[in-house]
Amino acid sequence: MKKGIIIGFYRKLLAAALIIPLMIGGSSPLFAAESHDLEGSPQEANAKASRIQLEYLDRGIVSAPTSEGIFLSWRLLADEVTGYSGKGLTGPIFHVYRDGAKIAVVENSTNYLDPSGTSSSTYYVSAVIDGKEVDQSADSAPWSSPYYDLKLQKPAAGMTPAGEPYTYSANDASIGDVDGDGQYEFFVKWDPSNSKDVSQIGYTGNTYIDCYTLEGTLLYRIDLGVNIRSGAHYTQFMVYDFDGDGKAEMMLKTAPGTKILRYDPAGNMTSQRYITLLPEDVKAGYSNQDDYRLSKDGYYEHMVSLFMNWHQHEEVASGHWPATLEESFGMEKKYSYPLSRTDAESLVDDFMDRYAPQRSARNNLRAFEGFIVEGPEYLSVFEGATGKELETIRYKPGRHDDGLMWGDYAMARIEPGNRVDRFLAAVAYLDGVQPYAVFARGYYTRSTLVSYQWDGKHLKEHWYVDSGWTPMTNPFNDSPHGRDGTDAVFGTLTTQGAHSLSAADVDGDGKQEIVYGSATIDHDGTLLYSSMDVLPPQNADPGTVARLGHGDAMHVTDIDPDRPGLEIFMVHEGGTYAPYGYSLRDAATGELLYGGYTGKDTGRGMIGDIDPDQRGLET
């Protein structure tokens with residue numbers, strides 16, 4: 001197996017990894033950490049962990065009926081961890097009580113099955129430290145079924161501007177303690193039935209995010225408005241206690257028209273309030289009543305404007321792109337520039353009716369509608385308990401255009417608004433102490449990431465990563481994939497991103513990195529590495545060094561316990577232009593450990609302990 005060719009900064013490997021659960025509780029701050037050197041004394045491990053700002057959570061005891069009795073589960077709090085054994089973390093023993101009487105002593109576990117329990121039983125547990133019971137949990141009555149049914153308030157159905165009806169279903173979810181009582185509240189994203197992938201044409205309904213108590217009380221609803229398209233790649237909402245006050249906030253991308261709806265305990269709406277537009281946007285005439293969704297006619301006008309101003313485009317003026325659209329489309333030059341409206345319309349007609357369809361039968365640009373390609377884009381912070389807007393700033397970076405410079409017109413399938421609107425996000429302990437929010441835009445061509453700290457009042461940018469644009473000789477017919485971006489430091493990030501990113505301490509320094517697909521950004525915003533290898537003989541261009549490339553699924557953890565550090569398993573979709581269809585690599589260096597060439601888009605991949613007789617996880 002060939003050794004991977006790595007571009008970036010190498011760090012030495014440290015000892016075996018172990019992740020302490022991010023759980024804390026009690027009335028005082030308790031902390032935990034991801035650590036690679038817990039082989040020291042428990043006191044040393046706890047001292048290192050005590051720096052980390054995490055959540056304030058209670059014991060979290062729950063009880064649920066099973067066919068064999070009542071099953072109990074509760075949290076091990078971070079400051080209770082004393083070390084680890086071959087069976088997992090070690091900590092205090094627990095006394096389990098049913099109806100006030102002690103029924104069990106549990107060691108090295110936070111689960112218990114009570115075969116004599118009934119639906120009318122009441123339970124609590126107490127940790128035992130130095131022979132004394134401490135931190136008695138709240139009482140827990142068994143659920144009525146083995147699962148908990150959280151009651152939701154479904155948004156009303158709607159109608160698109162094209163006259164298409166849609167309804168809603170619950171989609172993504174998150175959790176956070178919004179009021180500081182040590183218990184989680186639930187954040188639920190509602191997707192309309194016409195939710196779209198970014199490559200799909202058509203209008204979508206609004207996206208909503210609700211906040212519920214465990215009892216099913218709707219506290220508030222964030223209506224993202226008509227200027228945030230609905231789909232899997234558009235809205236990543238980060239829920240976490242970013243400022244350490246014991247109460248979670250929520251951060252996400254917003255736009256003019258986003259508003260907060262508040263409700264009383266009976267479910268009646270009591271108020272609605274739009275987010276605050278930036279002063280320069282208000283001065284420029286933008287408002288919360290604006291609708292930037294493109295109709296079919298609107299997109300046609302958008303293209304006419306683009307063509308009329310072709311001579312002024314930055315890449316045309318610099319000589320990087322053809323001076324005429326005729327040259328871009330492989331036609332003989334017959335128009336004078338700047339184009340008149342009549343000539344621009346003639347070229348748009350030719351582009352939509354001849355050029356685009358001959359490149360792919362899927363290119364039906366006459367039907368292109370529903371996308372948002374202009375208007376302000378924001379990043380907003382909301383108070384977790386009330387939905388109150390705490391701050392709104394400009395989303396970085398902005399879209400710049402409808403995807404032309406992102407390569408959305410350059411492939412056989414012309415997909416305006418596709419690569420430009422690919423978003424990712426994560427929460428990461430970049431300094432090893434406090435959580436930061438990380439937001440990313442783009443991962444096929446230009447790739448960007450920006451991290452923020454929230455101090456309770458303002459967002460402070462921590463670092464910004466940008467690959468720069470992927471150079472193209474012709475934005476209408478020149479694949480941008482697999483090329484370095486224009487940035488001298490981060491140019492190799494292009495084409496390396498995945499449909500998700502992960503935060504993990506890959507180099508054992510106590511600070512988390514961002515695993516960005518086939519590349520990794522160090523905790524300080526520098527490039528740790530960008531993984532590449534040589535294309536095999538059966539590939540389209542054998543012997544060429546190429547990126548491991550984009551993929552749809554990725555897993556980061558200690559997959560192989562017999563080697564130091566973490567590993568990354570990923571599948572890749574580059575087909576005959578990628579070294580592998582799947583790969584396992586060293587998380588600290590990006591070096592290939594094993595992989596297989598598939599010659600096709602390998603779309604899915606998983607890890608798991610499939611064979612208990614073999615150490616570690618299977619891929």
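## A buried threonine in a loop

Let's start with Thr-324, which sits in the loop between helix H4 (314-317) and helix H5 (325-328); helices (H or I, at least four residues) and strands (E, at least two) are DSSP runs, numbered from the N terminus. Thr-324 is buried, its relative accessible area being 9%, where buried means under 20% (1.4 Å probe, protein chains only). Setting aside neighbours within four places in sequence, Thr-324 is in contact with Trp-310, Lys-333 and Tyr-337; contact means heavy atoms within 4.5 Å.

The model you are looking at is predicted, so local features need pLDDT of at least 70 and side-chain atom pairs count only at pLDDT 80 or more, while totals for chains, interfaces and linings use all residues. Residues are numbered from 1 along each chain as its sequence is written, and side-chain values use heavy atoms, with hydrogens and water left out.

## Ala-498 and its contacts

Another loop residue worth a look is Ala-498, placed between strand S28 (459-466) and strand S29 (502-504). Ala-498 is buried, with a relative accessible area of 1%. Not counting residues up to four places away in sequence, Ala-498 touches Leu-424, Tyr-443, Gly-517, His-550, Gly-551 and Met-570.

The C-alpha atom of Ala-498 is separated by 36 Å from that of Asn-111, and the two residues are 387 residues apart along the chain.

## The sheet that holds Asn-111

Asn-111, in S10, is the bridge partner of Ser-73. Strand S5 (residues 69-73) and S10 pair in the antiparallel sense over 4 bridges; two strands pair if DSSP finds at least two bridges between them.

Together, 3 strands make an open antiparallel sheet in the order S4-S5-S10. Strand S4 (62-66) and strand S10 (111-114) are the edge strands, each pairing on one side only.

The largest pocket holds about 900 Å³ of space. A pocket is an open set of points on a 1 Å grid over the protein atoms alone, where a 1.4 Å probe fits, with protein on both sides within 12 Å along at least five of seven lines; lining residues have an atom within 4 Å of a point. A volume is the space filled by probe spheres set on the points, which are joined across faces, edges and corners. Of its 30 lining residues, Met-411, His-481, Thr-495, Glu-573 and Gly-574 are the closest to the centre of the largest pocket.

The second largest pocket has about 670 Å³ of space. Among its 22 lining residues, Gly-60, Ile-61, Val-62, Gln-183 and Leu-214 are the closest to its centre.

Terms used:
Buried < 20%, exposed > 50% of the residue type's maximum accessible area, 1.4 Å probe, protein only.
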